[in-house]
Structure formats: structure tokens, C-alpha cells
Amino acid sequence: MSTNESQVSVDNVSKVHVSMTGEPLLALLDVTFCVENNEFFSIVGPSGCGKTTLLNLLAGFERPTRGELRVGGELITEPGWQRAVVFQEYALFPWYTVAQNIRYGLRRKRLPENEQRRIVDHYVGLVGLRGFEQRYPRELSGGMRQRVAIARAFVLQPSILLADEAFGHLDEVTAAELRETFLALARECGSTAILITHQLEEAIAVGDRIIVLGKSAKLLADIHVERWDRSNYAVLREAIQSTLQSNVQDSRLVPG
Amino acid sequence: MNPASSRIVAGSGDAAPAAAPRRDAQPFGHERAQRDDAVMQADMAALAASMVPPPPPPWRRALSRVSRLWLLVVFVVAWQLISMYGSAVNPQLEVMMPPPTAVVSAAADLAARGVLLTHILDSLKRVLLAVGAATLLGVPLGLAMGWSRRFRSVVDPVLEFIRPIPPLAWIPLSILWFGIGDLQIVYIIFLAAFFPIVLNSLAGARDVDTYLVRAGLSLGASQRELFATVVLPAALPQIFTGVRIGLGIGWMALVAGELVAAPSGLGYMINNARTLFRSDYILLGMVLIGALGLALDAGMRELTRLTMPWYHGK
């Protein structure tokens with residue numbers, strides 16, 4: 001394996017959650033894949049297939065029950081700014097203004113004040129929030145809040161960006177716009193982007209690679225999108241859909 | 001890396017629908033769209049400003065504020081009428097329920113003798129001292145319990161053992177310990193105010209949104225920074241609620257404590273008036289307790305508004 005710091009490897013990872021009633025629930029079963037540096041990567045699957053669990057493991061919020069996850073060869077043991085997260089729920093700090101929210105990570109890194117201000121200003125412009133710097137999150141619309149969250153994640157120039165259904169609950173136009181902003185920023189920062197989504201269209205539109213998780217908590221497909229006919233995504237979508245329905249691996253969708 | 005905006009090239013600005021051309025087939029970016037947005041937003045702001053009706057003149061606002069007190073006025077007038085004309089039906093009413101005017105003249109009488117302010121200030125001093133101490137000790141304890149499950153599991157049994165004992169049950173023992181005086185009453189009020197403050201601070205710190213904690217951690221916050229920048233501000237509304245409840249309960253405990261044993265204060269004033277059959281003084285004491293409690297709570301709400309402009313609670 002290369003020791004490139006952005007490269008993510010997920011090796012035979014299983015995760016069991018224990019429910020409130022003490023019942024063990026299998027969220028992920030023997031999932032293995034790699035993410036290459038600067039790749040735009042989608043994780044898709046029906047709700048309850050373990051997508052968010054996978055993101056929590058990648059972010060370091062949770063530990064796997066079995067197997068291991070590495071970034072650049074290093075075991076993921078805790079959250080860190082190199083793996084920024086954009087949450088579906090925005091997770092903006094309501095007591096900070098837009099500018100303060102975006103600045104949060106820069107303060108933690110103890111960058112010089114004027115440098116912090118310069119970077120914040122730059123990103124406020126990039127995500128189109130100029131004039132809203134002093135507003136509180138509760139004064140913003142959902143789409144604007146997600147812009148703040150995106151800027152806040154990118155100011156640190158993380159090597160990996162994780163987005164958990166970050167656009168799924170917004171209206172289509174806003175979602176598409178934000179997706180563009182997100183990907184453009186990821187390209188600018190040279191970050192590897194890992195997007196979790198339940199929408200096949202989104203996964204296909206965004207990903208260089210798509211992995212498909214099934215209801216059985218297993219990895220059903222690992223798709224290199226460029227190997228598919230770009231002019232006809234319907235074929236790919238149908239293949240993924242039938243895989244999800246049958247819950248068995250389709251040989252066309254597995255690398256090799 | 002130098003974040004170079006130039007790399008986000010102006011594109012068509014078209015929202016790419018999901019199954020639309022691949023991301024690398026079409027340059028993304030919004031520079032032009034953003035410029036247009038900015039112009040549009042400025043226009044909209046100007047338009048909005050032109051549509052907002054001018055604020056009403058101050059006298060009008062004052063009038064509207066006063067007019068909201070109509071129910072209180074009805075209440076006082078009804079009280080006055082019942083006291084004045086009720087005594088024709090029941091002569092005892094004169095002693096049992098003196099009219100508001102009698103309460104006002106009682107206030108003037110006591111104020112002229114210089115005792116009223118002493119009673120008020122003594123009571124106020126005791127409440128503020130006790131609730132202040134309960135806040136200083138209760139908030140850190142509650143936050144620590146909310147933050148650390150292990151700490152909570154150790155402290156909780158002790159707290160929950162002491163909590164159900166009513167503060168008033170402590171009065172006999174507290175007189176033995178501290179004698180009759182300020183310290184003893186402050187102790188009773190402290191006990192009353194301490195638990196709501198601890199429990200609310202605890203709940204505030206414990207129930208911090210997991211996503212906010214995770215956002216903080218993934219943005220590089222250390223545990224200490226996480227506490228200062230996420231847990232504490234998230235718990236602040238609950239802490240204020242706790243202090244407000246503590247203040248309310250403390251005020252009740254004060255009066256109860258002063259009724260039983262005190263050298264001064266509004267509770268003492270009420271009890272003393274009872275032995276003298278001065279029901280106008282009793283009512284005055286009650287009215288003052290209500291008014292001061294209201295004023296303290298209004299002060300707390302104002303403090304909440306000033307310290308937490310982001311908070312939309314009421």
C-alpha cells in the first residue's frame with residue numbers, strides 16, 4: 001500500500017451496535033475497500049444499510065468491532081481536522097455567527113488572527129455568504145446553513161472530506177448548487193471527497209468511484225465509474241438498482 | 001496550500017441535475033452567479049427596508065405596553081370595591097381584607113418610619129447571597145456531572161438522597177448550627193436553590209447535541225476546548241433556567257424561613273403583623289414579595305437576552 005496520507009483503506013470492517021434494549025445489531029459486515037488520493041467517492045445504499053456507521057468510523061467518531069480503518073497507513077483512532085465532516089443536520093454552533101463558525105477550526109489551529117480573518121473572508125466569498133457574516137445560524141435558510149458548514153469544513157484544507165447526506169434534504173436546485181460548490185472546493189483543496197447518499201443519481205453524478213452497501217450490511221459493489229459508458233448512465237443505474245433489490249453481488253459491479 | 005479562488009472558474013451557473021453530465025465535463029463555480037446574487041440580495045435588502053413600516057412613536061409604544069396591564073387594573077379595582085363595599089355585608093372584611101389603598105398607606109407609614117426598606121433589603125440580600133452561592137457551587141458541579149458519566153454515577157446517589165428533604169425540614173437543625181440570623185436563613189435558601197441549579201446544569205451539559213460535539217472534535221478541538229466552546233454555551237440556556245427556578249424557589253424558602261425565625265425581613269414583617277392583627281402590613285408584605293420576585297425574574301430574563309442573543313427561547 002502506498003503511504004500517501006490521503007489514501008483510505010477499510011479492511012474487513014464489521015460493526016455491531018448494541019440497541020437500547022441490549023440487542024446487538026449488525027451495521028456493517030466484512031466491508032473492504034480503498035479510496036485513492038483525490039478521488040471523489042460515493043457510498044450509496046438504502047437507509048439502514050450502515051452508510052452513516054461507515055462515515056462515523058471513517059471520521060473516528062466510532063471504533064469498528066472488527067477490522068481496521070487507516071488513513072495514509074495510520075490507524076484511525078479519533079476524530080481530527082484532517083478528516084472534516086459535513087453533517088446532514090448542519091451541526092453549526094448556534095451561539096457563533098457565520099464568520100465565527102467558519103473560523104472555529106482555524107482558532108483551534110491557533111493561526112495568527114489576521115490570517116484567520118483573511119481565510120474566513122476568502123471562504124465566505126467562495127460559498128456566497130458575503131453580507132451574512134454576522135448573522136446567527138438560526139437566521140439562515142437550510143441551504144445557507146449548509147454553505148456555512150461546507151466553508152467551515154474546508155477552511156482547514158483537510159485531506160479528506162466526509163459528507164453525510166449533506167444535500168439530500170435540500171430542494172433539488174439548492175442541492176445541485178451546493179454539490180457543485182462542495183466539489184469545486186474539494187478540487188481546489190486537493191481533498192479526497194467521500195459522499196454518503198441514498199440517491200443513486202447523486203452518487204453517479206459525483207463519484208469517480210461508488211461503493212454500494214446492501215441491506216445485509218455487506219458491500220455489494222465497488223464501481224469504477226470511468227469504466228462505464230459515460231453517455232449512458234441508465235445502464236449503470238439499473239445494474240445498481242437490481243443489485244440492491246436482489247441483495248447479491250453483480251459480477252459487473254465488482255472490480256477485477 | 002494557497003486557496004486560490006481563480007481555480008473556481010466561472011461556469012454557466014446551471015444547477016447540474018443529478019444525472020447530468022459528469023462533474024469533470026463541466027467546470028463548476030459561481031463567481032458570476034455569486035456576483036449576481038450579491039446584487040440581487042442588495043436589491044432585496046433595499047426593497048425590504050422600503051416595505052417595513054416606520055416604528056411607532058415612543059408614546060405609542062409606552063401606551064401599548066401599559067394597555068397590556070388591563071387585567072391587573074381590573075384585579076386591583078375589584079379588590080378595592082370588594083373591600084370597600086363588602087364590609088357592609090360582612091364587617092369582618094375590614095380586618096380580613098383591607099383595600100389596596102390601605103396597603104399603600106401602610107407602605108407609606110412603614111417607609112416613613114424607615115423600616116420598610118430595611119426589611120426589603122435584608123430579604124433581598126439573603127436571597128441574592130444564597131442563590132449566588134448556589135450558582136457558584138451548583139453550576140460547576142452540574143456541568144461536571146453532565147460531562148462525565150463516571151463522576152455523575154458517584155455523586156448522584158448522595159445528591160438524590162439529600163434532594164427530597166424539604167429545605168424547611170432543615171430549619172430546626174440550621175437554628176442549632178447557626179443560631180437565628182442571616183447565616184441560618186441563607187443556608188435554608190441555599191439548599192432550596194442549589195438542587196434546581198445543579199440538575200438543570202447537569203441536563204444542559206449531558207444533553208448537548210452529539211452532532212455539535214462531533215463537529216467540534218472533527219474541527220480539531222481538544223477536550224478542554226470542546227468544553228469551553230461547545231458544552232458550556234450549549235448548556236447556558238439550561239443553566240439560566242436553573243438559576244431562575246432556583247431564584248423562585250429560594251424566594252419562597254426565604255419567606256418560609258423568615259416566618260419561622262428571623263430578626264428582620266419581609267417574612268418577619270408578615271409574621272410580626274399577624275401578632276398585631278395588622279392585615280394591611282401582611283398584605284403589603286405579600287405584595288412586595290410578589291413584586292420583588294417578578295422584578296428578579298425579569299432581571300434574569302433580561303440577562304439571558306443580553307448574554308445569549310443567539311438563543312431564541314422565551
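Does Asp30(A) count as buried, partly exposed or exposed, and how many C-beta neighbours lie inside 10 Å? Asp30(A) counts as partly exposed because 13 C-beta neighbours lie inside 10 Å. Here a residue is called buried if 20 or more other C-beta atoms lie within 10 Å of its own, exposed if 12 or fewer, and partly exposed in between, with C-beta atoms placed from the backbone. The model is predicted, so local features need pLDDT of at least 70 and side-chain atom pairs count only at pLDDT 80 or more, while totals for chains, interfaces and linings use all residues. Residues are numbered from 1 along each chain as its sequence is written, and chains are lettered from A and ligands numbered from 1 in the order in which they are written.

Helices (H or I, at least four residues) and strands (E, at least two) are DSSP runs, numbered from the N terminus. Most residues other than glycine have a negative phi. Ala91(A) also has a positive phi, near 55°, and sits in the loop between β6 and α2 (98-108) of chain A. Ala91(A) is buried, with 24 other C-beta atoms within 10 Å.

Strand β2 of chain A also belongs to an open sheet of four strands, ordered β2-β1-β4-β5 (chain A), with antiparallel pairing. Its edge strands are β2 (24-35) and β5 (74-75) of chain A, each of which pairs on one side only. Two strands are taken to pair if DSSP finds at least two bridges between them. Strand β1 (residues 8-18) of chain A is joined to β2(A) by eight bridges, and the two run antiparallel. Within this pairing, Leu28(A) in β2(A) is the bridge partner of Lys15(A).

A parallel arrangement is found elsewhere in chain A. Strand β6 (residues 83-86) of chain A pairs with strand β7 (residues 160-164) of chain A in the parallel sense, over four bridges. In β7(A), Leu162(A) is the bridge partner of Val85(A), and Ala163(A) is that of Val86(A). In a regular strand the side chains alternate between the two faces of the sheet. From β6(A), Arg83(A) and Val85(A) point one way and Ala84(A) and Val86(A) the other way, and all are buried. β7(A) is mostly covered, with five of its five residues buried. Ile160(A), Leu162(A) and Asp164(A) point one way from this strand, and Leu161(A) and Ala163(A) the other way.

On to the next neighbour: β7(A) pairs with strand β8 (residues 192-197) of chain A in the parallel sense over five bridges. The chain crosses from β7(A) through helix α5 (residues 172-189) of chain A to β8(A), and this β-α-β crossover is right-handed; that is, with the strands pointing away from the viewer, the path from the first strand over the helix to the second runs clockwise. Ile160(A) stands opposite Thr192(A) in β8(A).

Helix α7 (residues 233-246) of chain A shows how one helix divides into two faces. At 1.5 Å a residue, its 14 residues should span 20 Å, and its end C-alpha atoms are 20 Å apart, which agrees; the expected span is 1.5 Å times one less than the number of residues. Tyr233(A), Leu236(A), Ile240(A), Thr243(A) and Leu244(A) are buried in α7(A). They cover an arc of only 100° around the axis, which puts them on the same side of α7(A); the arc is that of the directions from the helix axis to the C-beta atoms. The buried residues of α7(A) pack against α6 (200-206), β9 (209-213) and β10 (219-224) of chain A. The face turned away from the buried side carries exposed residues, including Glu238(A), Gln241(A) and Ser242(A). After α7(A) comes Asn247(A), whose phi is positive, near 65°.

Chain B is built from 13 helices and zero strands. Buried residues make up 32% of its 314 residues. Two residues are in contact if their C-beta atoms, placed from the backbone, lie within 7 Å. Among contacts in chain B between residues at least 6 apart in sequence, 67% join residues at least 24 apart.

The largest nonpolar core has 150 residues, and those with the most contacts inside it are Ile189(B) and Ala193(B). Such a core is a set of buried Ala, Val, Leu, Ile, Met, Phe, Trp, Tyr and Cys residues joined through C-beta atoms within 7 Å. Helix α9 (residues 182-206) of chain B gives the largest share of this core, 16 residues.
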